[in-house]
Each structure stands twice: as structure tokens, then as C-alpha cells.
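I opened my notebook to record what I looked up in one structure, going from the whole chain down to single residues.

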Amino acid sequence: VSYIGQDCREIPEHLGRDCGHFAKRLDLSFNLLRSLEGLSAFRSLEELILDNNLLGDDLVLPGLPQLHTLTLNKNRITDLEPLLDHLAEVTPALEYLSLLGNVACPNELVSLEKDEEDYKRYRCFVLHKLPNLKFLDARKVTRQERKEALVRGAFMKVVKPKQTLRAYSLL
């Protein structure tokens, strides 16, 4: 099912009603989605394409036990760990994930300050959280990356600095 570039802010109810029971693939790219409410009608999905939307850190997917491919390129995802924990819980068959173009995916597409080492740490952490992935960001997961994720993945978490409050005191 393809519903690309329709400027929709939510998943149309008729889409789930008419196609949800049989759809294996759903492409909702180039819309204005901030929420995935209504996706629960698509329980048999194997592939979900959500590129170029407005999805952020509050992203919630229903349980999709057969989903093996998920692309969330160019959205507004900034906090990686909660997303990965959520995906591990609701998409146990996930093998292909792409997060390019999100702040949470540190590479030159997002910021010129990011380099290959930042991206390697990111891949290691993602593979630590989602060890069944075969592809991450259109790049095949290597045996070496998998070994590295087992050993060091937990320590590769990218921490965002919290805004500091400035305290002023009167002398």
C-alpha cells in the first residue's frame, strides 16, 4: 500500500479499514505524520516506510511481530536509546533499519561536526540494542561490527548534554 506525499497529518482511517487486514508493505513517506495512531490496523506488516515525515522521540509503534524492514529516514528523532528499546519490544523480527537524516544518527547528512568515528559508535550501540539487524542505514552489518557490539556496544551510547542552568548568587 502506497500513500506517499499526501500531506496527511495522521494515518487515514479508511486506509487501515480497507487495506490493513492484507497489507504486507506500507509506504507513508513524504507526509506530515507526527503520530502513528491508526497503524494498529496493519498487523501483518513486513515492511514500513516512514521517510520524510515529522516523527519525533514520542514515536509509538503497535506490536508488529512480522515487521522486518523499517525506514525512518529524515524525521525528527533525536534520542536513540528509547527508540531502540521500543523497537526491540514491538518489532522482534526487525532485520533492516534506517535512521539516516535524523539527529539521532550522527553523520554528515545531519551535521558537519559528525565524522566516521561518531557513526561507527552509533552503529555499535544500535547493534548492541538490536542484535538481529542485518542492515543498518543501507549498509550490511559485518561480522566484525557484530562482535564489537557484543563486547563494547553498551559503552557506545551517545549522550546528549543536558542544558545547564546557570545559578547566580548575590554576595
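The entries below follow the order in which I looked things up.

**Entry 1: ground rules.** I noted that this is a predicted model, in which local features need pLDDT of at least 70 and side-chain atom pairs count only at pLDDT 80 or more, while totals for chains, interfaces and linings use all residues. Residues are numbered from 1 along each chain as its sequence is written, and side-chain values use heavy atoms, with hydrogens and water left out.

**Entry 2: the whole chain.** I looked up the secondary structure and found 4 helices and 6 strands, where helices (H or I, at least four residues) and strands (E, at least two) are DSSP runs numbered from the N terminus. Read from the N terminus on, the elements follow the order α-β-β-β-α-β-α-β-β-α. Of the 171 residues in the protein chain, 43% are buried, a term that stands for under 20% relative accessible area, with exposed over 50% and partly exposed in between (1.4 Å probe, protein chains only). I also looked up contacts (heavy atoms within 4.5 Å): among those between residues at least 6 apart in sequence, 46% join residues at least 24 apart.

**Entry 3: the sheet.** I traced an open sheet of 6 strands in the order β1-β2-β3-β4-β5-β6, with mixed pairing, where two strands pair if DSSP finds at least two bridges between them. Its edge strands are β1 (25-27) and β6 (139-140), each of which pairs on one side only. I then followed β5 (residues 135-136), which runs antiparallel to β6 and is joined to it by 2 bridges; Phe135 has Lys140 in β6 as its bridge partner.

**Entry 4: two helices.** I checked helix α3 (residues 116-129) against helix α4 (residues 143-152), and their axes (lines fitted to C-alpha atoms over the stretch in contact, with angles from 0 to 180 degrees between N-to-C directions) come within 8 Å and cross at roughly 75°. α3 and α4 are therefore roughly perpendicular to each other, the word used for angles of 65 to 115 degrees. On the α3 side the contact is made by Arg123, Cys124, Leu127 and His128, and on the α4 side by Glu145, Glu148, Ala149 and Arg152.

**Entry 5: one glycine.** I ended with Gly5, which lies in the segment before α1 (13-19) and counts as partly exposed because its relative accessibility is 40%. Leaving out residues up to four places away in sequence, Gly5 touches Ser29, Phe30 and Asn31. From Gly5 to Leu28 I noted 23 residues in sequence and 7.6 Å in space, C-alpha to C-alpha.

Technical notes. Parallel < 35°, antiparallel > 145°, perpendicular 65-115°, else oblique.
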